[in-house]
Amino acid sequence: MESVGALLRGWRHSRRLSQLDLALAADVSQRYVSLVETGRSRPSAAMVIRLATHLDVPLRHRNRLLVAAGFAPRYRARPLDDPEMAPVRDAVARVLRAHEPYPALAVDRRWNIVMANAPVAHFLKAADPVLLTDPVNMVRLGLDPRGLASLIVNLPEVRTFFHTRLSRQLARTGDPAISALLEEFFASDAPADPVLRQEPEVAVPMVFDLGGREVRLFSTITTFGTPDDITVEELSIESYYPSDPESAAFLHSLAGPPP
């Protein structure tokens with residue numbers, strides 16, 4: 001059986017913190033942190049949560065820490081279609097609808113698309129139906145040549161964007177599914193020089209070729225601010241905005257006359 005001390009030590013190392021760093025942040029002594037990590041002191045459930053909070057441990061893994069310390073899991077992982085999750089679904093749907101005529105979608109912790117607004121469909125028309133079978137994975141859809149990769153003009157930049165985000169996510173969560181995505185799409189990548197853009201941008205765009213029309217988009221990420229449910233914490237909304245007036249006008253034209 002895994003020990004809570006060993007798990008906490010692993011998270012502390014992954015966050016590159018010393019025992020003193022963690023002790024100061026959690027307002028405990030360095031000796032106490034050492035005793036917990038070596039199994040000579042059994043922390044209370046409240047202390048496990050306290051240390052996990054300062055280590056930025058995801059809720060899913062906080063449950064694992066609690067079980068290892070001899071306590072019941074605290075955080076639930078209700079499916080998104082659970083009746084109790086209706087307020088969450090409604091909030092996400094409102095954000096997605098309000099973003100139209102620009103594309104936006106919600107993904108889970110493994111980048112599977114769980115909700116999307118109507119404009120997303122315009123980008124998926126040429127995608128292989130195999131990639132549109134549930135669960136539809138956003139990374140695979142974006143980087144597979146049968147998906148959106150063949151439409152992305154600046155694919156090297158977009159690959160770098162995905163690589164960076166996946167690497168950061170793996171460092172934070174240790175999720176084997178994220179490791180598998182990195183292996184699937186980036187294992188054979190050779191080191192390359194950074195891609196230089198000729199003109200400055202406010203943000204790195206994704207440039208799509210939609211029927212000979214260039215559409216430039218940049219993205220923002222929205223998450224829930226105070227999640228107490230694992231599913232909610234792991235949900236994020238990817239919203240895309242036009243980088244120039246021409247792209248904005250084109251997206252409006254797909255939805256009808258501009259308001």
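## A partly exposed strand residue

Is Val 114 buried, partly exposed or exposed? Val 114 counts as partly exposed, because its relative accessibility is 36%, where buried means under 20% relative accessible area, exposed means over 50% and partly exposed lies in between, with a 1.4 Å probe and protein chains only. The structure is a predicted model, in which local features need pLDDT of at least 70 and side-chain atom pairs count only at pLDDT 80 or more, while totals for chains, interfaces and linings use all residues. Residues are numbered from 1 along each chain as its sequence is written, and side-chain values use heavy atoms, with hydrogens and water left out.

Val 114 is found in strand E2, residues 113-116; here helices (H or I, at least four residues) and strands (E, at least two) are DSSP runs, numbered from the N terminus. When its neighbours within four places in sequence are left aside, Val 114 is in contact with Leu 80, Ala 106, Val 107, Asp 108 and Leu 235, contact meaning heavy atoms within 4.5 Å. Leu 96 lies 18 residues from Val 114 along the chain, and the C-alpha atoms of the two are separated by 12 Å.

## Aromatic pairs

A search of the whole structure finds four aromatic pairs; rings of Phe, Tyr and Trp (its six-membered ring) pair if their centres lie within 6.5 Å, and planes under 30 degrees apart count as stacked, over 60 as edge-to-face and the rest as tilted. The rings of Phe 123 and Phe 208 have centres 5.0 Å apart and planes at 70 degrees, so this pair is edge-to-face. The pair links distant parts of the chain, since Phe 123 belongs to helix H7 (residues 120-124) and Phe 208 to strand E3 (residues 206-210), 85 residues apart. Phe 123 is buried, with a relative accessible area of 5%, and Phe 208 also counts as buried, at 4%.

Phe 161 and Phe 162 form another edge-to-face pair, 5.5 Å from centre to centre and with 65 degrees between the planes. Phe 161 counts as partly exposed at 27% relative accessibility, whereas Phe 162 is buried at 2%.

## Nonpolar cores

A nonpolar core is a set of buried Ala, Val, Leu, Ile, Met, Phe, Trp, Tyr and Cys residues joined through side-chain atoms within 4.5 Å. Of the 35 residues in the largest one, Met 138, Val 139, Leu 141, Leu 148, Phe 162, Leu 166 and Phe 208 touch the most other members. Among the elements that give two or more residues to this core are strand E1 (104-107), helix H8 (138-143) and helix H10 (176-186), and H10 provides the largest share, five residues.

Not counting residues up to four places away in sequence, Val 139 touches Trp 111, Phe 162, Leu 166, Leu 181 and Phe 185.

## Pocket and cavity

On a 1 Å grid over the protein atoms alone, a cavity is a set of points where a 1.4 Å probe fits but cannot get out, a pocket is an open set with protein on both sides within 12 Å along at least five of seven lines, and lining residues have an atom within 4 Å of a point. Grid points are joined across faces, edges and corners, and a volume is the space filled by probe spheres set on the points. The largest pocket holds about 590 Å³ of space, and of its 25 lining residues the closest to its centre are Arg 109, Gln 169, Arg 172, Thr 173 and Glu 234. Helix H9 gives the largest share of the lining, five residues, and the lining as a whole has eight nonpolar, six polar and eleven charged residues; Ala, Val, Leu, Ile, Met, Phe, Trp, Tyr, Cys and Pro count as nonpolar, Asp, Glu, Lys and Arg as charged, and the others, Gly among them, as polar.

The count comes to one cavity of 30 Å³ or more, and about 220 Å³ of space lies in the largest cavity. Of the 15 residues that line this cavity, the closest to its centre are Leu 105, Met 138, Leu 148, Phe 208 and Tyr 240. Its lining divides into 14 nonpolar residues, one polar and no charged.
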